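Hi everyone, thanks for coming.

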Amino acid sequence: MTKKRILTRRRTFLLGVGAFTLISGARYLNDRVGATANEKRDFKVAGAKSLRDRAAAKGLIYGAASSKRPLSLDAKFKAGFIQNCAILVPEWELNWDVIHPTPDRFDFSRVDWLSEFTRAHKMLFRGIPLVWHVRLPQWFADKVDSRNAEQILRQHVSTVVSRYAGKVHSWDVVNEAFKLADGRSDGLRNTPWLQFLGPDYIEIAFRTAAEADPKALLVYNDYGFDYDTREDEAKRTTVLKFLERLLSRKLPIQALGIQAHLRGEDRDKFNSRKLRAFLHDVASMGLKILITEMDVTDQNLPKDINERDRIVAGMYEDYLSVVLDEPAVIAVLTWGLSDRYSWLSSYKPRPDKAPVRPLPFDAQMQRKLAWNAIARAFDKAPKR
């Protein structure tokens, strides 16, 4: 698809947004949705199907991130994961500092275990992140410079992707490449990769991954698309231009990953119309969309569990009800399945020290209202 055609389709869509909003107004009475707006919402679900089966019934994939440890040591968590998840993403085992611990050595032991786990339980396997500015190994700062960065980048991507060729559903080839606050005109984050290779590092990574596994879905993954704020609006615009530019150069990118780390205190900053328009613009380029790391931070929500769980569940249902209306969305992954193993316990703990509750299952692997909310969104989603 040419850039001219993409832009023409976008203009056509934007002209029709008003009409579309009127048509869908019965379902979404207000563009700005608050998770507690409907106090009578009961979050009831019909039937006993798992999240995996509810998603599959609509042509969707549901899954979650997990590390090896809980899957190998926590039998209840393992059983719940197998029952509910159709795809697994390693939580940290594919980071450079873990899988590439020295310049000349790769350690695939943990990832091999997870790959075999998915095969044994008939799940898909997802790979992340091939290129990221975080979790670089200690040797990186001493060994990598502008003279050898391309060779090291190509070697890493080719080695990792080749090992799992034919076994991976999708790769986050480049993760979080944009940070508008860094002040560049193109919006790119000032990472070591950018410093050594310039913007071309993104193209190098995608082309190398495609050569190593032509059948895997190749994804650009990022956050900051979700809210009706100046910052998110600017990032949506910047990333759309970026995707257009990559596609105009026939780069082998097939999907956009949207992390969707939602913030409970920002539930009133969600604008369904603007999010729909963004998703439509991405889809009009011929790209698929994956929700890759979804959770709801409850760091600043009330301590009362009933109130907090309702707000979190409302955010899941409100967000997914909009996102799943876009046929290009093919998968929803939560960043974890149980509150017991959520990264937010360490990275965004509550000031009152109460346990965080951002995921579908609680610490004892009991279903929460968030589970119901996700199930309801799947049940109401149009079939792919």
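I'll start with the overall chain, then a pair of helices, then a pocket.

A quick note first: this is a predicted model, where local features need pLDDT of at least 70 and side-chain atom pairs count only at pLDDT 80 or more, while totals for chains, interfaces and linings use all residues. Residues are numbered from 1 along each chain as its sequence is written, and side-chain values use heavy atoms, with hydrogens and water left out.

Okay, the chain. It has 15 helices and nine strands (DSSP runs, H or I of at least four residues for helices, E of at least two for strands, numbered from the N terminus). Of its 384 residues, 57% count as buried, meaning under 20% relative accessible area with a 1.4 Å probe, protein chains only.

Now, how do helix 11 and helix 12 (residues 272-284) pack? Their axes, lines fitted to C-alpha atoms over the stretch in contact, are 11 Å apart at an angle of about 10°. So helix 11 is roughly parallel to helix 12, a label for angles under 35 degrees. Glu 233, Arg 236 and Leu 240 in helix 11 meet Lys 274, Phe 278, Asp 281 and Val 282 in helix 12; contact means heavy atoms within 4.5 Å.

Last, the largest pocket: an open set of points on a 1 Å grid where a 1.4 Å probe fits, with protein on both sides within 12 Å along at least five of seven lines. Its 39 lining residues have an atom within 4 Å of a point. Nearest its centre lie Trp 132, Glu 176, Gln 259, His 261 and Trp 343. Helix 11 turns up again here, as one of the elements giving two or more residues to the lining.

How values were computed. Axes are lines fitted to C-alpha atoms, for helices over the stretch in contact, and angles run from 0 to 180 degrees between N-to-C directions. Angles under 35 degrees count as roughly parallel, over 145 as roughly antiparallel, 65 to 115 as roughly perpendicular and the rest as oblique. Buried means under 20% relative accessible area, exposed over 50%, partly exposed in between (1.4 Å probe, protein chains only).
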